Amino acid sequence: MAAAAELALLEKSLGLSKRNKYSARGDRQIPVLQTNNGPSLTGLTTIAAHLVKQANKEYLLGSTAEEKAIVQQWLEYRVTQVDKHSNKDDIRTLLKDLNAYLEDKVYLTGYNFTLADILLYYGLHRFISIFIGVKLTTELP
Amino acid sequence: MRLFVSEGAPGNLPVLAAAGRVRGRAELLISTVGPEECMVPFLTRPKVPVLQLDSGNYLFSTSSICRYFFLLSGWEQDDLTNQWLEWEATELQPALSAALYCLVVQGKKGEDVLGPVRRALTHIDHSLSRQNCPFLAGETESLADIVLWGALYPLLQDPAYLPEELGALHSWFQTLSTQEPCQRAAETVLKQQGVLALRPYLQKQPQPSPPDESAVTNEPEEEELATLSEEEIAMAVTAWEKGLESLPPLRPRQNPVLPVAGERNVLITSALPYVNNVPHLGNIIGCVLSADVFARYSRLRQWNTLYLCGTDEYGTATETKAMEEGLTPQEICDKYHVIHADIYRWFNISFDIFGRTTTPQQTKITQDIFQRLLTRGFVLRDTVEQLRCEHCARFLADRFVEGVCPFCGYEEARGDQCDKCGKLINAIELKKPQCKVCRSCPVVKSSQHLFLDLPKLEKRLEEWLGKTLPGSDWTPNARFIIRSWLRDGLKPRCITRDLKWGTPVPLEGFEDKVFYVWFDATIGYLSITANYTDQWERWWKNPEQVDLYQFMAKDNVPFHGLVFPCSALGTEDNYTLVSHLIATEYLNYEDGKFSKSRGVGVFGDMAQDTGIPADIWRFYLLYIRPEGQDSAFSWADMLLKNNSELLNNLGNFINRAGMFVSKFFGGYVPEMVLTPDDQRLLAHVTLELRHYHQLLEKVRIRDALRSILTISRHGNQYIQVNEPWKRIKGNEADRQRAGTVTGLAVNIAALLSVMLQPYMPTVSTTIQDQLQLPRPACSILLTNFLCTLPAGHQIGTVSPLFQKLENDQIESLKQRFGGGQLEESLELKAKVSPKPEVVETVTTAGPQQIQVLMDEVTKQGNTVRELKAQKADKNQIAAEVAKLLELKKQLALAEGKPLETSKGKKKK
């Protein structure tokens, strides 16, 4: 899924009425959002966090310092690990690790649904058809 | 909570520097673990540093640990910080790990290390200098600063890897490094051992995969749309309203151009192309075309400008070529000098002089410089062991020996320099030397030679560089090359050769020797000027008044930045030395290199046979100018840029603006009543124009071209939003609005025509003719956007500026010029050619390709017949016939038939 489509989907699920336009930069098609006031924002997770704030749903970024840091950690994981063009072995390891992590959790931060769950879900979408066998369903909202 | 670190893990730096934030707020225990211990139960691969939280959860991302520490101290998250951290994780880290791995584990140095991260460093520097804040996310040091500082510290603490021209990055880094938490983290992690302290850890890590192809990308970094203040807008409007009257009077171009006291005098040289090679696109963009853009820009600023170049004609290569072609060296030079001059004329290069080095002036000035060096004791005499090929019965010039590089082991090192490691080589040091002509092994013989005593001149050179470099526009690669030469220490260099074709050495016992080309080639600039005016010394012995810009590819840097300055300083004759040395990286062809011998790539004389206008070539070459990093010429990309940037963006805008004036307002520029939106647009255009000036003043030619395209994008948007074609049919107010939009748009088009002049001179003139732009406005570019086409001004006939490039046209060109390495290697496997020097390479074509070509020949044949039947324009028929002949030639090649002896070709 192209980043712009993903962000549009996020806007919709956040209930934002105004649709933003996104441009893409460079080979990796990094999304750019031109905001009305001030400079543009670049990067998937940066824009996603910005949209969450626009929608007044800050709780999706975590409530405590710990949750906030964990949300950002998994957002980073999404853009550095999940989006990396990996070979099959890497993907297998990644899914195994995630599965182990989620074994005793409902969501990535534990019990609260956050932006990290949304973006990780979007990001993993492309693998799931390949690795049906791996148990991931605990994560689905 | 408990922090696990491992000796030498780079992530320790930011984490420890940020840990100070939680002192007194939470208890933090620090444990050291081995680099291969898995501290996070759910992660398969080991990862440090790791923070185990009191809840039992883990933070295994370095940035997130730092973020957590900051959050605990009451800091609030913001967009800008998020953006920096995401950039750090996705862009900086991959590049940085590659660089650190090179440096620490593989022991590489220099450009190998700096290359991968240069783009990222520049990005930080630009952001810092653009926002005018000392720190990344504002006035105070914050999370983003600590994370980036920690990531960069291992590399940048070595000044060799902190490019001095990145001033903003420099001071940001120094400020942070001297702060207490950072200083302490650095001491704890690096233990005074520098970057080597990371070795035990990095050695155990897998080799990072190289960052995404970013080394050879043609995409620039995009600039952000700035916010405008009311004052800026007001100033832009005032300047606009002044219009033509703010233009200074045009200065007549003088002949000869000479420096004028109290004015800016700009002397521009382009590296002298070697006479017996037809230059390829890489050579053209590397020096002559780049210098041309700057010369044209300099004239638009009304600076007193002299741009010179010429062919470098002496040397063994010429002698050999003469032997091959059965001519004298002089005849060879005469012949090829004309070929060069024709190519540059076709590319519209605006030399004031295009001279040559084989003139009496060259002998006079070279011998004078030599004599002065000799009497001042800067010339040494020594016996040289030299390679002589007994089979060819002559001493071998450096470039006629090949062998294994004594420094890096590269197999095809030349006798003077290794293409791989870039080090200069003495030919006799080559391992397994071979005569390049007959492939036999040369023997070592001794001969008396003269040396330039560079070690004795080194101190003067350093003094001069110390005064020249700071604040100058030397490109980073040039600074780097000079720095590394000085670090290795200068050695005496031989300046004579056993040859006939060269400048004679005026010294007893050296009658049968000449000066080595690299000693006297750079003197060529002086002698070429001397042939242009007898007052040449006013340019060349006038460092106080003259600003010397020298353009070249990076392999020429040592001769211009080091050897010639040493010679000139040694003469104590007050020569003008290079103020700004502008060196490009390399241009590749598709996925490989240009190669004359393999017939791969486009060479200067072939560009004109493609039917693509010179200005399109200029545009595309400048668009991909290897500025700061290597870039690649690609046919598909050329088609794309022509069709998207020129046709759809620039051409479309200028044509629409002009058409509206003709169609809706009878060819007269309408009245303009500016609304606040229009004024904002004025200010944006002004800002972009300023940016263009800033970039070109720093000779960032490729970046400045983007400013032109940005303005025309603004213009297109403006027309699109305001829809003058609809409003013209509306009420009075609507019609007035249509007039304003059209008037403003056509004035932007006029501005663009001037900004475009250095890049596409012919197109620029065409636009100015179409718009009937007043003369002074065509030739002067100020830093403000003026209304140069006031209401009532009558424009001329408007017509489209660019043509679409079609896929099949480009495909056939690509086939004709060789399509890169893949085809090449297949071809080499398919045909083991006994002779290595086949010039016309045969592309092995499959039956399908042959069929396609046959079809094309048939189709083209029909086209020609039709045209003839219609009694069409002769030129048009001739053009189509040429296409047909070309296709037939390709077909013959593809079928492996012998070529009919160069029928349609001008060149032998």
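Begin by selecting Arg372(B), Glu537(B), Lys541(B) and Asp573(B), which are linked in a network of salt bridges, a salt bridge being a side-chain nitrogen of Lys or Arg within 4 Å of a carboxyl oxygen of Asp or Glu. This is a predicted model, in which local features need pLDDT of at least 70 and side-chain atom pairs count only at pLDDT 80 or more, while totals for chains, interfaces and linings use all residues. Residues are numbered from 1 along each chain as its sequence is written, chains are lettered from A and ligands numbered from 1 in the order in which they are written, and side-chain values use heavy atoms, with hydrogens and water left out.

**Other salt bridges in chain B**

A search over all chains finds 40 salt bridges in the whole structure. Select next Lys191(B) and Glu7(B), whose salt bridge has its closest N and O atoms 3.2 Å apart. This pair links distant parts of the chain, 184 residues apart, with Lys191(B) in the loop between α7 (180–190) and α8 (199–202) and Glu7(B) in the loop between β1 (2–5) and α1 (12–19) of chain B; helices (H or I, at least four residues) and strands (E, at least two) are DSSP runs, numbered from the N terminus. Lys191(B) is partly exposed at a relative accessible area of 38%, and Glu7(B) is partly exposed at 48%, where buried means under 20% relative accessible area, exposed over 50%, and partly exposed in between (1.4 Å probe, protein chains only).

Move on to Lys459(B) and Glu463(B), whose side chains meet in a salt bridge (3.8 Å, N to O). Both residues lie in helix α14 (residues 454–468) of chain B, four residues apart, about one turn of the helix, and both are exposed.

Now select Ile285(B) in helix α10 (residues 281–300) of chain B. Is Ile285(B) buried or exposed? Ile285(B) counts as buried because its relative accessible area is 0%. Leaving aside neighbours within four places in sequence, its contacts (heavy atoms within 4.5 Å) include Leu587(B), Leu621(B) and Pro626(B). Show Tyr586(B) as well: Ile285(B) and Tyr586(B) are 301 residues apart in sequence, yet 9.5 Å apart in space, C-alpha to C-alpha.

The next stop is Thr316(B), in helix α11 (residues 316–325) of chain B, which counts as buried at 8% relative accessibility. Not counting residues up to four places away in sequence, Thr316(B) touches Tyr274(B), Arg394(B), Ala397(B), Phe400(B) and Leu499(B).

Colour chain A by secondary structure to find five helices and three strands, which follow the pattern α-β-β-β-α-α-α-α along the sequence. Of its 141 residues, 52% count as buried.

Then show both chains together, where the contact takes 37 residues from chain A and 32 residues from chain B. The area buried between them is about 3,100 Å², of which carbon and sulfur atoms give 50%; buried area is the accessible area (1.4 Å probe) that two parts lose on being put together, summed over both. Between the two chains the count is two salt bridges, and the side chains of Arg45(B) and Asp90(A) meet in a salt bridge (3.2 Å, N to O). Elements of chain A that each supply at least two residues of the side touching chain B include α2 (44–54), α3 (65–82) and α4 (88–102), and α3(A) gives the most to that side, with twelve residues.
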